[in-house]
Amino acid sequence: MKTVLVIGGGVTGLKASSELAEMGYNVTLVEKEDYLGGQVAKHKYYKLAPDLRLAGEVIDPVIKAVENNSNIKVYKHSHVAAVSGNAPEFKAKIKNSKGESEENFGAIVVATGFEHFDPTVKQEYGYGRFKDVVTNAEVEEMLNPGGPTNGELKRPSDGETPKKIAIFQCVGSRDRQVGNPYCCRVGCVVSTKQAIEIKEKYPDSEVYVYYMDMRMFGRGWEELYGKAMEEYEIIFTRGRGAEVTLKNQQLSLRAEETIMDRPIQHSVDMIILAAGMAAGEGTIEAANVLGIKQNDYGFLEPKDDFVSPNESSKPGIFIAGADKGPMDIENCIVEGAAVAAKVASSLKN
Ligand SMILES: Cc1cc2nc3c(=O)[nH]c(=O)nc-3n(C[C@H](O)[C@H](O)[C@H](O)COP(=O)(O)OP(=O)(O)OC[C@H]3O[C@@H](n4cnc5c(N)ncnc54)[C@H](O)[C@@H]3O)c2cc1C
Ligand code: SF4
């Protein structure tokens, strides 16, 4: 039976690997970092939207299903340096600090995920200039009891708990100026979840969300939004954040409120930027090594979005998860299973 190469050990690549192994295929999983779990592990997500379920309950079994399966060989801290041949006879060179090896594969799955948009590009928001302007990924780490602040939301400038917190949506998404007109698809639900987590922990805090539209299309998302407004009294204001300034150690934000069509000036203690999902360097590197097509934003392009969403532009090379574009975990798990089924049927032919 042919071996399958899976590139990327986030939730998508892990699910694809364990599904293939359960079908009896041998799998080689190559991950560039020294841990599995992708962005969920990197940024120590604590509770997941929309259910506020512990992230460990979801990701730990997915990791264990790979680690405990003898059909799966895992290379961490490794990368695929070169690939030659055609389906179903590929040869891949896998490199790490111990050296390199060349192995044969029948099919390749690319599950290299995304990177967070770099908010320093949006200079007007002050990220990198003002310590108390932080990203949603940094807040994930802070809210985790095993994270750098032991689960407490702290102002990086003085270690104090902020009382007034503003969240800016769509940072680096739906933004033609930075070349990302697409929607990040998870920012609205993640900000709503983080706002609730903050209010649960600090009921006296005031949390303000500045949004263009609330895109709550997933399972349970709209209900979470209703709960945020009604039960937690989180204040959602329709209007995009325009600028952040710092005067006498006080953060001040300017936004355009679009319902009443008026400018807003607001002093707060911390600003959280809902930074979008961008194509990562690892995805661009994999696309170049494999010679598969990317779209205008660097994400991997399916052969046909409607009828073959998990096939790349090259036969025998399959794509899944957030390397195709922003996607939540539930859909990544579905994608991991779907790509495994597609690979299995292609190898039977
Ligand atoms: C702040 C934030 C909070 C979020 N919270 C939630 C939430 O609460 N609920 C939810 O459903 N979704 C959430 N998401 C979305 C979630 O992070 C993604 O759905 C998920 O991480 C995508 O999984 P993936 O495996 O496709 O990609 P990733 O998690 O990015 O994993 C890809 C893996 O591939 C590896 N890799 C990359 N390139 C290479 C290469 N060339 N060679 C080898 N390895 C490589 C990476 O190191 C990484 O381990 C959140 C997103 C953000 C930005
Ligand atoms: S999901 Fe929400 S925050 Fe993200 S780009 Fe879309 S509208 Fe903006």
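Start by selecting helix H4 (residues 136-143) and helix H5 (residues 187-201), whose axes come within 11 Å and cross at roughly 35°. Helices here are DSSP runs (H or I, at least four residues), strands are E runs of at least two, and both are numbered from the N terminus. Axes are lines fitted to C-alpha atoms over the stretch in contact, with angles from 0 to 180 degrees between N-to-C directions.

This is a predicted model: local features need pLDDT of at least 70, side-chain atom pairs count only at pLDDT 80 or more, and totals for chains, interfaces and linings use all residues. Residues are numbered from 1 along each chain as its sequence is written, chains are lettered from A and ligands numbered from 1 in the order in which they are written, and side-chain values use heavy atoms, without hydrogens and water.

Now show side chains: Asn136, Val139, Glu140 and Leu143 of H4 meet Val190, Lys193, Gln194 and Glu197 of H5 (contact means heavy atoms within 4.5 Å).

Next, select Cys183, Cys184, Arg185, Gly187 and Cys188, which lie nearest the centre of the largest cavity, among its 13 lining residues. Strand E12 (164-171) and H5 each give two or more residues to this lining. On a 1 Å grid over the protein atoms alone, a cavity is a set of points where a 1.4 Å probe fits but cannot get out; a pocket is an open set with protein on both sides within 12 Å along at least five of seven lines, and lining residues have an atom within 4 Å of a point.

Finally, pick Arg185, Lys324, Gly325, Pro326 and Met327, nearest the centre of the second largest pocket. Helix H8 (residues 329-348) gives the most to its lining, with 3 residues.
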